[in-house]
Amino acid sequence: MKKRALMSLSDKTGAVDFAKSLCDHGFEIISTGSTCKMLRDAGIAAIEVADVTGFPECLDGRVKTLHPTIHGGILARRDMPAHMEFLAAQGIETIDIICVNLYPFKETILKPNVTLGETIENIDIGGPAMLRSAAKNYDSVAVIVDVADYAKVLEDLEAHGDVSQKTRFALAAKAFAHTAAYDALIAQHLVKLADAPAFPDKLTLTYEKAQGLRYGENPHQAAAFYREIGADKGDLVNAEQLHGKELSFNNINDTHGALELLREFDEPAVVAVKHSVPCGVGCGESLLEAWHKAYAADPVSIFGGIIAANREVDAGTAAQIDGIFVEVVIAPSFSPEALEILTKKKNIRLLVGATCGRPSQAKDIKKVSGGLLIQSADDILLNEEKGLECVTNRKPTEAEMADLLFAWKLVKHVKSNGIAIGKDGGSIGLAGGQVSRIWACKQAIDHAHEFLGTEATHGAALASDAFFPFPDCVEEAYRAGITAIIQPGGSNGDAASIETCNKYGIAMVFTGVRHFRH
């Protein structure tokens, strides 16, 4: 029986050499359009699909391979006499290898100013149909969607004269995954254009592997990093690594957390994160000033942590970073002098990425057993319409208000129950993940006193991610010398907290916005 392969490619990398090798193994090549021309120009006697079907390509190329002569040749079961007898009666010959790339839908929608008409014309119909047909009949047909698989197919042909059943099955699985992702991307894009509900009844998500990882959170866990199709240039997945070891699972997760907090600031800022928890945050007139504040907040936990900066890392800041061990530094750029300093450290990972502005994160997704929890991103800081409400007799001073807003930005990114204490553009106490808010409050104050002294909290501002059910946190704040508090409000115990603030002359403002982070 004559062996035949059908090739229809948008990615023509290696296609001529592959086709020549197939011919050497006795295959006849069927092809379409530009692929056929390319093969013929290379001296390969490719046969046009129209010559096989006896029907011309039509409708501007929308219909080429959607024909019984093609799909019959792919789908016929070689082990069923009735199938083979039907093919013989109809003059249809079997097709043993399908090598197809789909229309470049992803590349099309990523082009600037692409029209809906261009988008629609780059939805492939015949290609997925052939791939699915071939994958369904993997017992007899090898289906190739990735140029990287040419070598394995040729290796099998060289060794056995045929593509092994094991290889065909693996290729079939890959083809179904490929067409599923292709269809999901189309659905995802068109649903977005159609202004469909934010949470549809059927959810399709498409991601492609950005890199394999050595392991996950722990060495016994396998892991990989996936890129969302059409990820914004400002997203972490598109950051460029300039130096250092390969990023680990924990590096990526912690860097993400650092960037989320860093993007709250417009002024020069540095965020230090350890185990996805902020340990020091500083703002200043310069990046170096911001660094000193972030470092002073916790010079212990920053060791082995992640540093994120929203300005170019200069030589002065690099010299300070060079004095300790950190895993990752991410910034919009590094000066040549800074690179010279930091690249002397073999293992430090240096990343260039967008660290300002809000990336196009539409949803926050959490995997749970048997399902997904999906919510819109927590992308607001305050209720712009309602504003802040001062609920105490004493209003915060201008300096206290600046500290309150700074602390409020911090606590938004501290795990609940979360407390953040800020002063003069620097974090001086951060605590989160406690089951009791008073424990978090005490821990944040103790933290500040341990590293900065007991005077550090005098005149500072305290932020709580959720309301105070009792006035105990106010009492604790007073004992530490804290003079201003910001919290959402809305508790049945608000009156008691307000009364306690008035008793001690503490200014307290309500935001009306909660920032739970679980």
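Predicted model: local features only at pLDDT ≥ 70, side-chain atom pairs only at ≥ 80, totals over all residues.

Biologist: Okay, so how many salt bridges does the structure hold?
Modeller: There are 18 salt bridges in the structure. One of them pairs the side chains of K412 and E264, with 2.8 Å from N to O.

Biologist: Where in the chain do K412 and E264 sit?
Modeller: This pair links distant parts of the chain, since K412 belongs to the loop between α15 (398-411) and β17 (419-423), while E264 belongs to the loop between α11 (249-262) and β9 (269-274), and the two are 148 residues apart.

Biologist: Is K412 buried or exposed?
Modeller: K412 counts as buried because its relative accessibility is 3%, and E264, with a relative accessible area of 10%, is buried as well.

Biologist: And which residues are joined into a network by salt bridges that share partners?
Modeller: That network consists of D146, D149 and K174.

Biologist: What about R77, which residue does its side chain meet in a salt bridge?
Modeller: The side chain of R77 meets that of D79, at 2.9 Å from N to O. R77 counts as partly exposed because its relative accessibility is 39%, whereas D79, at 51%, is exposed.

Biologist: Which residue does E118 form a salt bridge with?
Modeller: The partner of E118 is K111, and their closest N and O atoms are 3.2 Å apart. E118 is partly exposed at a relative accessible area of 33%, and K111, at 41%, is also partly exposed.

Biologist: Switching to helices, at what angle do α4 and α8 cross?
Modeller: The axes of α4 (residues 68-75) and α8 (residues 126-136) cross at roughly 25 degrees and come within 8 Å of each other. Angles under 35 degrees count as roughly parallel, and therefore α4 and α8 are described as roughly parallel to each other.

Biologist: Which residues make that contact?
Modeller: From α4 the contact uses I70, H71, I74 and L75, and from α8 it uses A129, M130, S133, A134 and K136. Sorted by type, the residues of this contact are 6 nonpolar, 2 polar and 1 charged.

Biologist: Now α1, which of its residues are buried?
Modeller: In helix α1 (residues 15-24), the buried residues are A15, V16, F18, A19 and L22. They lie on the same side of α1 because the arc they cover around the axis is only 165 degrees, and on the other side D17 and D24 are exposed.

Biologist: What do the buried residues of α1 pack against?
Modeller: They pack against several elements, including the strands β1 (3-8) and β2 (27-31) and the helices α2 (33-41) and α9 (150-160). As for what follows α1, G26 comes after the helix and has a positive phi, near 90 degrees.

Biologist: Last topic, where does A338 lie?
Modeller: A338 lies in helix α14 (residues 336-342), and it counts as buried because its relative accessibility is 0%. Leaving aside residues up to four places away in sequence, A338 touches V313, D314, A315 and A318. Between A338 and D322 the separation is 16 residues in sequence and 9.6 Å in space, taken from C-alpha to C-alpha.

Terms used:
Residues numbered from 1 in each chain as written. Heavy atoms only, no water. Salt bridge = Lys/Arg side-chain N within 4 Å of Asp/Glu carboxyl O. Buried < 20%, exposed > 50% of the residue type's maximum accessible area, 1.4 Å probe, protein only. Helix = DSSP H or I, 4+ residues; strand = E, 2+ residues; numbered from the N terminus. Axes fitted to C-alpha atoms, helices over the stretch in contact; angles between N-to-C directions. Parallel < 35°, antiparallel > 145°, perpendicular 65-115°, else oblique. Contact = heavy atoms within 4.5 Å. Nonpolar A, V, L, I, M, F, W, Y, C, P; charged D, E, K, R; others polar. Arc of directions from axis to C-beta.
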